[in-house]
Amino acid sequence: MRKATGITAHRKESATSERGASAVKTLAAIKTLGFTHVLMIPDSESRLLYQVIEEDPDIQLITPCREGESIAIAAGLWTGGRKPLLVVQITGIMEAGDALRGCGLGPKVPLRLMVGWRGYGGAQAGRMPIDSAYTYTEPLLNAWKIPYWCIMGDEGLPMLELMDRTATETSFPAAVVTGYAFRP
Amino acid sequence: MTMTTTLQWPLVSQHELDFDFLAFGMGHAGDFGLGIALARPERKTIVLKGDGGLLMCLGSLVTMGRYAPGNLLVLLMENRTYEMVGAQPLPPRVEFTALAHAAGVEGGGATGRGKVERITTIEDFEKALPRLLTEEGPHFVVLPVSNKEPLPPVNHKDHAGRIRKLRKGLGIE
């Protein structure tokens, strides 16, 4: 696996990937990396991940009302010495642009993001119309200069560690992008 | 602290734990403070934010009503205007204590002991402050204020340096 550089790269990856990572295995990877808090607003593709995190006593789940809040709370948690993970559908990144700019990119806060790539599965299956959230995902992350890696199945979960290490080393936000709904 | 407060506070305090949130994300000072309060339960976290800023992020009241820990004190500067950008008026009928009540802050937060109050005079605020600083919260306090002084100049530079200075003050870096 490597850093995604374009839609063609993602398509090649997904052709050999399982469709969606296991929520249980994803939670295990999150815990292994020492995350203390997960901030997420439920969406249909991440709901199983939400469920396993909610049931886990070792991770504090915070569900704000909107993603700009999530990002600012995460920046405060990091400032106070904790390690939060933001699980955000790409539409939430679109909503939270100013918070991401102000609390992440500008002050060089190493926010760790797990971004749901809405519309990816449908686009890969050739379903029309193409979700505009799908179309804008990569250009948007590239515009923010946020490095990202894809997790399309369980074999992509090691990308979490790469993303985490990159955020630490660069002191800048970094992301993994999930293209499919989580499986149990 | 955020917006107009960030211009005036440095005139009275230069503490290493002061943090000017201006330019860090419109309306999100309270959210940032909530994160610090959750991360550092042994400290009191005080947020000074404006009423206009709160309107930009009203959902944060609901989040506070659910998650805010007992060490969070939010002081809402209620001047009914967007003072920093020209003193344009806020919607005239908005009632901030009622919003906080409806969002579940009173009797809420992580402690179930959240308190909402409105303090209208400086004398009453001085009297209440020792309680607000020691009593378990979270607290959401609306402070009607007015300003007749010219605002000091905006000075917001080196965002990365300032957030690291705060971490250093907290003993993180």
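Where is A:Pro129 found in chain A? A:Pro129 sits in the loop between helix 7 (120–124) and helix 8 (132–144) of chain A, where helices (H or I, at least four residues) and strands (E, at least two) are DSSP runs numbered from the N terminus. The peptide bond leading from A:Met128 into A:Pro129 is cis, with omega near 0°. This is a predicted model, in which local features need pLDDT of at least 70 and side-chain atom pairs count only at pLDDT 80 or more, while totals for chains, interfaces and linings use all residues. Residues are numbered from 1 along each chain as its sequence is written, chains are lettered from A and ligands numbered from 1 in the order in which they are written, and side-chain values use heavy atoms, with hydrogens and water left out.

Chain B has a cis peptide bond too, running from B:Gly137 to B:Pro138 with omega near 5°. B:Pro138 belongs to the loop between helix 6 (122–134) and strand 6 (139–144) of chain B. Back in chain A, A:Lys108 is a residue other than glycine with a positive phi, near 55°. A:Lys108 is placed in the loop between helix 6 (97–105) and strand 4 (112–116) of chain A.

On to helix packing. Two packed helices are described by the angle between their axes and the distance between the axes. Here, axes are lines fitted to C-alpha atoms, for helices over the stretch in contact, and angles run from 0 to 180 degrees between N-to-C directions. Helix 4 (residues 67–79) of chain A packs on helix 2 of chain B at about 40°, the axes being 6 Å apart. That angle makes helix 4 of chain A oblique to helix 2 of chain B; angles under 35 degrees count as roughly parallel, over 145 as roughly antiparallel, 65 to 115 as roughly perpendicular and the rest as oblique. From helix 4 of chain A, the residues in contact (heavy atoms within 4.5 Å) are A:Glu69, A:Ala72, A:Ile73, A:Ala75, A:Gly76, A:Leu77 and A:Thr79. Helix 2 of chain B answers with B:Asp31, B:Phe32, B:Leu34, B:Gly35, B:Ile36, B:Leu38 and B:Ala39. By class, this contact has nine nonpolar, three polar and two charged residues, with Ala, Val, Leu, Ile, Met, Phe, Trp, Tyr, Cys and Pro counted as nonpolar, Asp, Glu, Lys and Arg as charged, and the others, Gly among them, as polar.

Helix 4 of chain A also packs against helix 6 of chain A, at about 10° and with 8 Å between the axes. A:Gly68, A:Ile71, A:Ala72 and A:Ala75 of helix 4 meet A:Ala99, A:Leu100 and A:Cys103 of helix 6. The tally for this contact is six nonpolar, one polar and no charged.

On a 1 Å grid over the protein atoms alone, a cavity is a set of points where a 1.4 Å probe fits but cannot get out, and a pocket is an open set with protein on both sides within 12 Å along at least five of seven lines; lining residues have an atom within 4 Å of a point. Grid points are joined across faces, edges and corners, and a volume is the space filled by probe spheres set on the points.

The largest cavity has about 110 Å³, and its lining includes B:Asp31, B:Leu34 and B:Phe140. Helix 4 of chain B gives the largest share of that lining, four residues. Seven nonpolar, three polar and two charged residues make up the lining. The second largest cavity holds about 80 Å³, and strand 3 (residues 84–89) of chain A gives the most to its lining, with three residues.

The second largest pocket has a volume of about 460 Å³. Of its 22 lining residues, B:Pro10, B:Gln14, B:Asp20, B:Asn155 and B:Arg162 are the closest to its centre.
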